Amino acid sequence: MVLLADINKLLRMPRAVELRGEELCFLLDSYTAEHEPQKQQAYSPFGPNLRKPVKPPTPEDDAELRTPQAPREDVPEDLAPIIHSLSSERTWTHRDLCPLMLKALRILLRKDLNRRTKVAEAAAPMLIQLMEITRDPAVAKECVSCFINLFYRTELIMPALRRHVLRPLQRFISGTDRDLLLGALGVLQCICYTKGGRGFVCANAPDVAPTLVQHLGEGVASTYEDDVTLQIKRRAMETLHNLSTDGRAIAIMREAGIIPPLVSLLRHHSVVVCRAAAATVQNMSREVRSRQEIRAQGAVIPLSDLLVGTDISSQAVAAGALFNIIAPDFKQAEEGGGGSDGAPENGPKLGEDEDETRLKDFCDMLSNSIAMGAILNSIS
């Protein structure tokens, strides 16, 4: 079992990267292999995949696994040697060592206590600089993965934004490497989850939303979507949903052409994609022009279908979206204005009591639809 202490001991030696590079690579490779979840090998009764009986552990083996040298869960681990080494150009130019060291840092940043150290805060500037200069996809992928773990501490997002973390991320989401794109979308999703983060994106990076819209394609694909394509679409949709909670982003997204694919995604087979699309419709329908276009694209029918679906969260956001789309018509009718359905502008005004009654009937209809969906699902 390779411990972090063994790696740190080597890193503290003078000129460790130049003189002990191969040994460091071996230790880091072993360390990351022990801490990464292993994919289950496909079973076949023939050929090299034949499974052999596994010897049950002995008490001696169990004692060895419980070695007192193993890291404690209640104290942070020492990240300083790895972060210090990653800040050196000598490490950046070492093709094998740099991605392995970043991989180890990513694993260490999974632990909340490690993320909350002052040393971990110093990782962000180093990672941004490395993302700016690297042209190695393996290095870039590990950097964005480190940020996903680091941004579980939401207070670290704004300092990273002020250090221009969006610059390399924008390059990655516009590139052709799908794995790197997926990681960069994950970082953007974390950023846009916070009010300050999405406000910063709207004010300083208005090109982000149109790029995300492009990753939605035409909405529901007419051909088979592989897992990576589905995950890209899911993360792009969830990031756009986060962005849409900022009023400034709605017009940008509408002008980027989001509404046709957005309405199409209300029928997507993935519950997560469908729910994020419905929630984005709910947010965007607060703006008059977006609401008119959403309704013109026929969003009312798929949103109504979601009311009798199996996902409670989707039912809730679909009800909210329908309320935002249809309820303003009651206000227009009360004021005697023309509705989006082409009613005459000088039409008869409704009394206040009658308008409230129609609005209450509409809310009751939404509630009854959700209740009926729950009953149908329970007996089907």
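A crossing is left-handed if the near helix is turned anticlockwise from the far one by less than a right angle. I wrote that down first, for the helix pairs below. The model I am looking at is predicted.

**Entry 1: helix 20 and helix 23**

I began with helix 20 and helix 23, and their crossing is left-handed. Helix 23 covers residues 312-326. The two helices pack at an angle of about 25°, and their axes lie 8 Å apart. Angles under 35 degrees count as roughly parallel, so helix 20 is roughly parallel to helix 23.

Which residues of helix 20 meet helix 23? I listed Val 271, Arg 275, Ala 278, Ala 279, Val 281 and Gln 282. On the helix 23 side I found Ser 313, Ser 314, Val 317, Gly 320, Ala 321, Asn 324 and Ile 325. By class, this contact holds seven nonpolar, five polar and one charged residue.

**Entry 2: helix 17 and helix 20**

Next I turned to helix 17, residues 227-243, against helix 20, residues 271-284. Their packing angle is about 25° and their axes are 9 Å apart. Helix 17 and helix 20 are therefore roughly parallel to each other. Helix 17 passes helix 20 in a left-handed crossing.

From helix 17 I noted Leu 230, Arg 234, Met 237, Glu 238, Leu 240 and His 241 in the contact. Helix 20 brings Val 272, Val 273, Ala 276, Ala 277, Ala 279, Thr 280 and Asn 283. I sorted the residues of this contact into eight nonpolar, three polar and two charged.

**Entry 3: helix 11 and helix 14**

I then looked up helix 11 (residues 137-150) and helix 14 (residues 178-193). They pack at about 25°, with axes 9 Å apart. That makes helix 11 roughly parallel to helix 14. The crossing of helix 11 past helix 14 is left-handed.

Helix 11 supplies Ala 140, Lys 141, Val 144, Phe 147 and Ile 148. Helix 14 meets them with Asp 179, Leu 180, Gly 183, Ala 184, Gly 186, Val 187 and Cys 190. The class tally is eight nonpolar, two polar and two charged residues.

Most residues other than glycine have a negative phi. I went looking for exceptions.

Arg 15 has a phi near 50°, a positive value in a residue other than glycine. I placed Arg 15 in the loop between helix 1 and helix 2, the latter spanning 16-19. Is Arg 15 buried or exposed? Its relative accessibility is 53%, so Arg 15 counts as exposed.

His 164 also has a positive phi, about 70°, although it is not a glycine. I found His 164 in the loop between helix 12 (157-162) and helix 13 (166-173). With a relative accessible area of 42%, His 164 is partly exposed.

**Entry 4: Val 2**

Where does Val 2 sit? I found it in the segment before helix 1, which runs 4-11.

I checked what Val 2 touches, leaving out residues up to four places away in sequence. The list is Ile 7, Leu 27, Ser 30, Tyr 31 and Glu 34. I also looked up Val 2 against Thr 32. They are 30 residues apart in sequence and 9.2 Å apart in space, C-alpha to C-alpha.

**Entry 5: Ser 290**

I located Ser 290 in helix 21, residues 288-296. At 0% relative accessibility, Ser 290 counts as buried. Which residues is Ser 290 in contact with, leaving aside its neighbours within four places in sequence? I noted Ile 250, Arg 254, Ile 259 and Met 284.

**Entry 6: the whole chain**

The protein chain has 25 helices and zero strands. Of its 380 residues, 44% are buried.

The chain exposes about 20700 Å². Carbon and sulfur atoms supply 53% of that area.

Technical notes: Residues numbered from 1 in each chain as written. Predicted model: local features only at pLDDT ≥ 70, side-chain atom pairs only at ≥ 80, totals over all residues. Heavy atoms only, no water. Helix = DSSP H or I, 4+ residues; strand = E, 2+ residues; numbered from the N terminus. Contact = heavy atoms within 4.5 Å. Buried < 20%, exposed > 50% of the residue type's maximum accessible area, 1.4 Å probe, protein only. Areas by Shrake-Rupley, 256 points an atom, 1.4 Å probe, with all protein chains shown as cover. Axes fitted to C-alpha atoms, helices over the stretch in contact; angles between N-to-C directions. Parallel < 35°, antiparallel > 145°, perpendicular 65-115°, else oblique. Nonpolar A, V, L, I, M, F, W, Y, C, P; charged D, E, K, R; others polar.
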